[in-house]
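Good morning, colleagues. May I ask you to turn to the sequence and the structure, which I shall now put on display?

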Amino acid sequence: MLRWIKALVFVSAVVAPTAAYAQASIVGAIRDTSGAVLPGVTVEASSPALIEKTRSVVTSGTGQYAIENLRPGTYTVTFSLAGFASFKREGIELTGTFIANVNAELRVGGVAETVTVTGETPIVDVTSARTQQTLSGDTVANVPSSRQYFAYTQLVPAINAQGNDVGGALGPIFSVFQVHGGRRNEGQVLVDGQSAGFQGMGVSSYVPEVANQEEVTFSISGGLGEAVTGGPQMNIVGKQGGNMFAGSFFMNVSGSSLQGNNVTPELKAQGLTVNSSLKKLWDLNPSLGGPIVRDRLWFFGTSRYQGNRQYVANIFVNKNAGDPTKWTYDPDFTQQAVDDGTWKNGSVRLTWQPTPRNKINGWVDEQYICQHCIQGGSFSGQTFTGLVASPEGQGTTENHPNILGLLNWQSPVTSRVLLEASWGIGPYFWWGSRQKDPFDATFIPVQDDGLLNIGGTRVSRLNYRGANWSGNRSYTDVVQGSLSYVTGSHTAKFGFRVHLNHAMTPDPRYNDKQLKYNFRNGAPYQFTMYADQASTQQQKQNITAIYAQDRWTLSRLTLQGGLRFERLTDYFPQQQIGPNIFVPNALVFPDQEGPRNLKDIQPRFGVSYDLLGNGRTAAKFFLGRYVTTTNTTEEGIYSPAGRVVVSTTRAWTDANQDLVPDCNLLNTAANSECGPMANPFFGQSFFPLALDPGITSGWNKREYSWDLTAGIAQQVAPRVSVEVDYIRRTWGNLLYTVNRATTLADFDPFVFNVPADTKLPRGGNYSLAFLDTKPAKFGQFDNYRSFSDALGGAFNRFNGVDVTVSARLRNLTIQGGTSSGNAIEDECGVAAQHPDIYVPASNGGTLSTGSPFIGSTAQWPAAFCHRESTWLTNVKGLVTYAVPKVEVLVSGTFHSLPYPGNNFPSVANQSLGGVATVTAAQTTLGRGFSNGQAITFLNIVEPGALYGERLNDADLRFGKILKYSRTRTLVALDIFNVFNSSTPDVYSTSPYGATYLNPLNITAARFAKISVQFDF
């Protein structure tokens, strides 16, 4: 299919495209010169953005009108009524879901008379409580960026995006995003309203075509009944064909010769000798289209080929790779590891208008992705898994292919009724990894948890020697429809949405021993056993929703209300674990209905008031309830196969140093060189986990948030506006897993004295209390999952303030602002009654599944049960300026962000921690640890007490525009990290010691990209 799409793209020609999906509106009221309302006025909105050229309605008995579902573009609105002179308003600019308030006053006159007014386009939305920000197609094209979706999330002040990519140096990486203390999955990437996320998640490995779009709209808050999430939605409004042929070809390149060096002597003194740096990257992107049948059928097609090769900081080729006799990592300092990624995609879009009142739009995008396939290696910990690995220790990440598509039908049946239906195809994923090296099937991989000296840099948790692989498939289909009814004062919408997920995952593959070793500075101390080799697991999920919403305008006051009903159910086809070494007789689970049957009612209410009656000042308030988004990765706890314990650790004393665990691996108890299994239910068909019936069925039982926004939007000058919002979010129905087989009396408390250290909070020298399961209770489980309110109590809330500025002048665009806030997590009630939630599974606790906020292989002290972030502030902005007459483009972006942490939004993960590796003798325990291991891991830094340096970045573009006949060429130089910042974005926090808080990775050094875009 990809070859066919490429052929279509290169053989055909394309139009100056228009948008395929948007929800902007023009509303207003019509009066005569005496102030009386005028019913029956014909209102026509015309624009090149509309394939049908014009859209018309008639004012209601109150003189009001509303024209809905308009694509982004510049509009002219004409008002006409017999006996009155026609009135024409030009230059109305629509973006995103903006509602332009356009009123008119008609005077008595002849039919042929027309009064034309070219005034300011409305810039303040006085009729909606929604908060949104829009980047026009020109803005997206003109700012320096990587042309990846996450490059634009970095331009919206309220959005927090994980990672610290500079100019796309890492390629099209997986990047989750949220606003205002929200959950990891709440940020949604949409293409023409179709989710590109993995089975209900916000994002996925799918790479959206951001460059070939009409605009990018970010809805931050205020979504009514049709909104799936209370978090941010990034909608990429794609282009489509028209009646003129046109096209474009884009390319950019960069490489090592265009990048500087920002490793300073101070950083070298702290052990960072080599930073990650570019070897080469490229992006080729033609787009073509046009009419197939004029005024009836159009097409638009794109193809994109991206590649990235990057030297990996402090990781080198392992001289011992592939040698079955070697168990150590021996770096070849003449061969720095080169990570790699290649992305190929092609898409085609068809738009058909068989009648003036029916339009059908369909598109499909197919992608092939291969990362770490040539060599690989990772050091930053900023990958999806946070892996630190030598080339042979990192498996591939492949999608072969991804498919996303949409088939949509729209019909304005009358001037008051609009029908719409669609089938969202995908994303469909064939994903995972294929066996990378021939020896992966026979080599046991190693992770060294000590501190290895690699060229002067101390590295912990290095994976080497071999890698696992997997093969997974997942399919999503979304069917939805709606009916909109518009009367002028009312704009009502009724709709449904059916979201179907089918996942055939996980499907892992291990070496023939099904083991992984853990070393500490080259000496074995632990290993992991895996039981799910040769497994077939499946989950199905059905999320059905119906909703109703209305917008009601009463003079200067607009009320908005929405109600959404959502039902979640699950189902499990036949599944199987094994047979394999640790499950000699396959565990077969027949197909069965899942336990979840959850129904939620979600009310949402908003009000907007035109304070001065001139459309320039709006006071807004919004309050809504939203369930936390879900996906099939959460079904494991409810799936009969997912509840099989498929991995367990056990201590290992390699007395004869033969690097073979000389013990009976199927014996759960300690024997010979092996300690007891951390989980004695390993590989068995039953694990004692009871589910509170209230979390799987009933009304309003899913995790939810109440989101409140109150603010003022003000036009301060022509085409310049400022908005200030207060935000409060609170979450409920927090879920915890606890072990009812243990109480506080079943743990022996011990104290670890944290040493004095100026790098630690308050200079260190404080004591922390921890727990170790009593030996007689180790391995006893009676796990129970329920709501925090039933287990002692927990809460989570956020308070913040956003300030945004927008100026859209003739040759100058400025957008930006600040977003500040404070997050609070408190689970002291649960921790007091169930202390096991802070004890790792390897030590007999439930930490990995116990808390929704913190997870680790290191124990937490109960003293850290209440966690607060400091008041954290994002500062972001962009500016573009087209210098008149000389056809020169100058643009730039800037951001100053708090330390982003890793890929999980919580106080602990977005601040700096510290993990101490201790022996029992270094504590007051007075005995060995109950799991038989010589060491344990302890978190010793309070979440929210330490943060990394702020990440400051400025990027610039200088471009020259060349025009000839109907062609336009932009030749540009983009400079990323202009000031060559070397701020660390990954710090050494484990194990705690002399290298604590030394930088492990820093912001990518300043580099340049050369790009050319040719439009015809």
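Where is the place of Pro-775? Pro-775 sits in the loop between strand E48 (764–773) and strand E49 (783–787). Strands, marked E and at least two residues long, and helices, marked H or I and at least four residues long, are DSSP runs numbered from the N terminus.

Before I continue, a word on the source. This is a predicted model, in which local features need pLDDT of at least 70 and side-chain atom pairs count only at pLDDT 80 or more, while totals for chains, interfaces and linings use all residues. Residues are numbered from 1 along each chain as its sequence is written, and side-chain values use heavy atoms, with hydrogens and water left out.

Let me return to Pro-775. At 51% relative accessibility, Pro-775 counts as exposed; the term exposed applies over 50% relative accessible area, buried applies under 20%, and partly exposed lies in between, with a 1.4 Å probe and protein chains only. Not counting residues up to four places away in sequence, Pro-775 touches Arg-927 and Ser-930, where contact means heavy atoms within 4.5 Å.

Now the chain as a whole. The protein chain contains 7 helices and 61 strands. Its C-alpha trace spans about 105 × 60 × 55 Å along the principal axes. For 1016 residues, a compact globule would have a radius of gyration near 31 Å, and the 30 Å of the protein chain agrees with that. This radius is taken over C-alpha atoms, and the globule rule is 2.2 Å times the number of residues to the power 0.38. Of the 1016 residues, 62% count as buried. Among contacts between residues at least 6 apart in sequence, 73% join residues at least 24 apart.

Is Arg-729 buried or exposed? Arg-729 counts as buried, because its relative accessibility is 2%. Its place is in strand E45 (residues 720–732). The side chain of Arg-729 makes a polar contact of 3.2 Å with the side chain of Asp-707, and a polar atom of the Arg-729 side chain lies 2.9 Å from the backbone oxygen of Val-179. A polar contact is a pair of N or O atoms within 3.5 Å; within protein, one must be able to donate a hydrogen and the other to accept it, and residues adjacent in sequence count only if both atoms are side-chain atoms. Beyond its neighbours within four places in sequence, Arg-729 is in contact with several residues, including His-180, Glu-186, Trp-706 and Phe-798.

Thr-983 also belongs to a loop, the one between strand E58 (967–976) and strand E59 (984–987). Thr-983 counts as buried, since its relative accessibility is 10%. Its side chain joins that of Ser-981 in a polar contact of 2.9 Å. Leaving aside neighbours within four places in sequence, the contacts of Thr-983 include Glu-949, Arg-950 and Ile-1002.

With 23% relative accessibility, Cys-370 counts as partly exposed. Among its contacts, neighbours within four places aside, are Asp-340, Gly-341 and Thr-397. Cys-370 and Pro-401, 31 residues apart in sequence, lie 9.9 Å apart in space, C-alpha to C-alpha.
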